[in-house]
Amino acid sequence: MSKIVFNPDKCSGCHICEEACSYSHFNVINISKSRIKISTKFSSKGVVHEARVCLQCDNAPCTKVCPTGALSKSEKGYIVFNEEKCTGCFLCAKACPYGLIFTHPELKIPLVCDMCGGDPVCVKWCPMGALEVK
Amino acid sequence: MEFKGGWVGKILRVNLTEGKIKTQNLSKDLALNFIGGRGFAIKILWDELPRGIDPLSPENKLIVATGPVTGTLVPSSGKIVIASKSPLTGGYGDGNIGSLISAKLKMAGYDAIVIEGASKTPVYLHITPDSVEIKKADYLWNKGAIDADVELRKEYGFDVGTLVIGPAGENLVKISTVMSEFGRAGGRPGMGAVFGSKKLKAIVCEGWKDIPVADLDTVVKLYKEAVDFLKKSPAYGKWIRQGTMMTIEWSQEASVLPTYNFSEGFFEGYSKVGGEIMDKEYKVLRKGCLFCPMPCGNVCIARKGRYAGVWGELDYENVAMFSSNLGIDSMDAVIKMNFMADQLGLEAISAGSAIGFAMELYSKGIISAKDTGGLKLEYGNVDAAIKLMEMIAYKKGFGDLLAEGVRAAAEKIGGKAIEIAMHVKGLEISAYDCHAAPGMALAYGTSPIGAHHKDAWFIAWELKMGRDVISREKVERLIEMQRIRGGIFETFTVCRLPWIELGLGLDYYVKAFNAITGLNFTLEDHYRVADRIYNLIRAFWIREYGEWSRKYDYPPEKWFKEPLTKGPLAGRKLDKEKYDQLLSYYYEARGWDENGVPKKETLKKLGLDYVISELEKIGLTLR
């Protein structure tokens, strides 16, 4: 199953991927509406960049628990989100074993990566080449 | 006023004495005539600070300000300005920091924060779009800046924005700064101490609102063009490997690498602390600011000796000040010192200068081990430098004297010490030696916060024009640079490096500004704003000092008196007459009188009529 793969050694923590996502899905500048999340974590013992984004699981629990069929899988195996069917119950977010379905205080829908249908904008925008589809 | 984009339109006011929080609208005057960042800061401080207040008293105000371009999709737009009346210089002080809080503040619904008064007990400020709270910070007090930042993130996570001070700021050390995200620092002229004086340990900001822009599609289109341009630059590859660290080798080549407390511009051991070796042996991670496609943060690990395993984020200024300036040729030691400065919240450039100053005093026999509590402050003595850094941050022994900055320390010691205290207007000089660079010396001399490279990085332009050239043209180029670096980038607020390092055109910034704000500003309009700000900042200094004369715009005596002895430019020093000539050209071009005081006509042309009566009140006659 192809998904977005993150290379922490190339990442700089610039959040451009988050903006690519928010812009392409919501037409706004707002990194908090992104479906991919980059965190630069640090302590006095070091620094590391981490990414959180949907793994496009084969038997995705989120699609199983969705009571209205708003979440499903495409033929290519990508998560498909149908906003019209979504009631905003967020059972999907609770069901994700990795915590990779996000919420936003002003949105009544879950934020889950849909791979932009197969050609993710975040991957294209990343200036460091830290994201790939694999 | 309703803004179409760029500005959010609100200023947050927090009074820590009364525990009161207010929101006010951003006025049209502030937005259009001062744009943002530094522009907001100087206007608010000019309007609201009574003359002569103690910068570390509750009467001082602390400004944290974004600009209309901050956090929008412009390369490297994750910058925010921290400003106040400086406890180090007694004049206007500011600094910018690359931190997520820049965008988060706007995403919380504010362009700027004005912090007034002082708390009795340690607090931090927690801001979200729904709430602003002053919270207890007793558990964070005495913690290092990195450790306190980590502690806050246990509660708020790594996706929030922070500003944090270390023990140096808490202890009101005047060469303390503000930190964020492990290795980012901003606010050289004692902004950490201003936080400390207000018992403000940190600001935490969560944000989730959209950042408004007038014409998003154009902003995105321009952004993509800019990124393509930057990535095609021939200098891009080396830049993202070394960032500003490549300047060590460059400065050595040009004989401007500060060495032995700015006695030389040439350091034998430069390659051991340069960009090449850092890239090959020490760098482990790239780290960049928000929306920066050309990240310059060099996260490194010390490899050898007893500091092996220590992490640090390196850049040119800090490394030069802790290596060549102290005669230290070990990258491992520099990483340790840099990490310590960041954890202590000690401002690294000034700390390197203060230690270098002490080492020169020691080497000249002006002080001895008796004065330093037994420290043998010879050049190259890493242990002594590290010990002294701690003594400064905690104001212990001899460190207490240096905690006031080199100007105040030198005035206390007197005599020769005054000539070798490397500062302008009380701010320690950042890492370019000017024995053979009169234009760069003038840039430091006329920088609006004291001798900092932010406004003053004229050295590369000067070398292109010829270092010996003394001309009006050179001065005009310097003013152009001040308008860009100290005006446009500090008001927008975005990073200047895509422009200065990789040549992203100013026309891009002007177009992006217009697409973001829906306004129709020209480059000339932005230059006018920059001039307005420069004049108001100058007026602020004059009002605070109560007088003005050329001496405040001079570099230290050392550069005029003691020639270089090493490298290809041995024998060179600055010529006072030539410097004076440049300074006169500068005053003329700025519309200031021969003492550096703005003329009435200049102030009127810039819409600063209200400055005239204020300066006349202190007994000045304006020409």
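**Entry 1: strand E4 of chain B.** I looked up the pairing of E4(B) and found that 7 bridges join it to strand E5 (residues 92–98) of chain B, the two running antiparallel. The model is predicted: local features need pLDDT of at least 70, side-chain atom pairs count only at pLDDT 80 or more, and totals for chains, interfaces and linings use all residues. Residues are numbered from 1 along each chain as its sequence is written, and chains are lettered from A in the order in which they are written.

Strands are DSSP runs of E, at least two residues, and helices runs of H or I, at least four, numbered from the N terminus; two strands pair if DSSP finds at least two bridges between them. I noted Gly93(B) in E5(B) as the bridge partner of Ser84(B). E4(B) and E5(B) form a hairpin with 6 residues between them, and Gly90(B) in the turn has a positive phi of about 80 degrees.

I then turned to strand E3 (residues 62–65) of chain B, which pairs with E4(B) in the antiparallel sense over 4 bridges. Here Val64(B) has Ile82(B) in E4(B) as its bridge partner.

**Entry 2: helices H18 and H26 of chain B.** I recorded that the axes (lines fitted to C-alpha atoms, for helices over the stretch in contact, with angles from 0 to 180 degrees between N-to-C directions) of H18(B) (residues 438–446) and H26(B) (residues 576–590) come within 10 Å and cross at roughly 55 degrees.

I listed the residues in contact (C-beta atoms, placed from the backbone, within 7 Å): Pro438(B), Ala441(B), Leu442(B), Gly445(B) and Thr446(B) in H18(B) meet Lys578(B), Tyr579(B), Leu582(B), Leu583(B) and Tyr586(B) in H26(B).

Terms used
Two residues are in contact if their C-beta atoms, placed from the backbone, lie within 7 Å.
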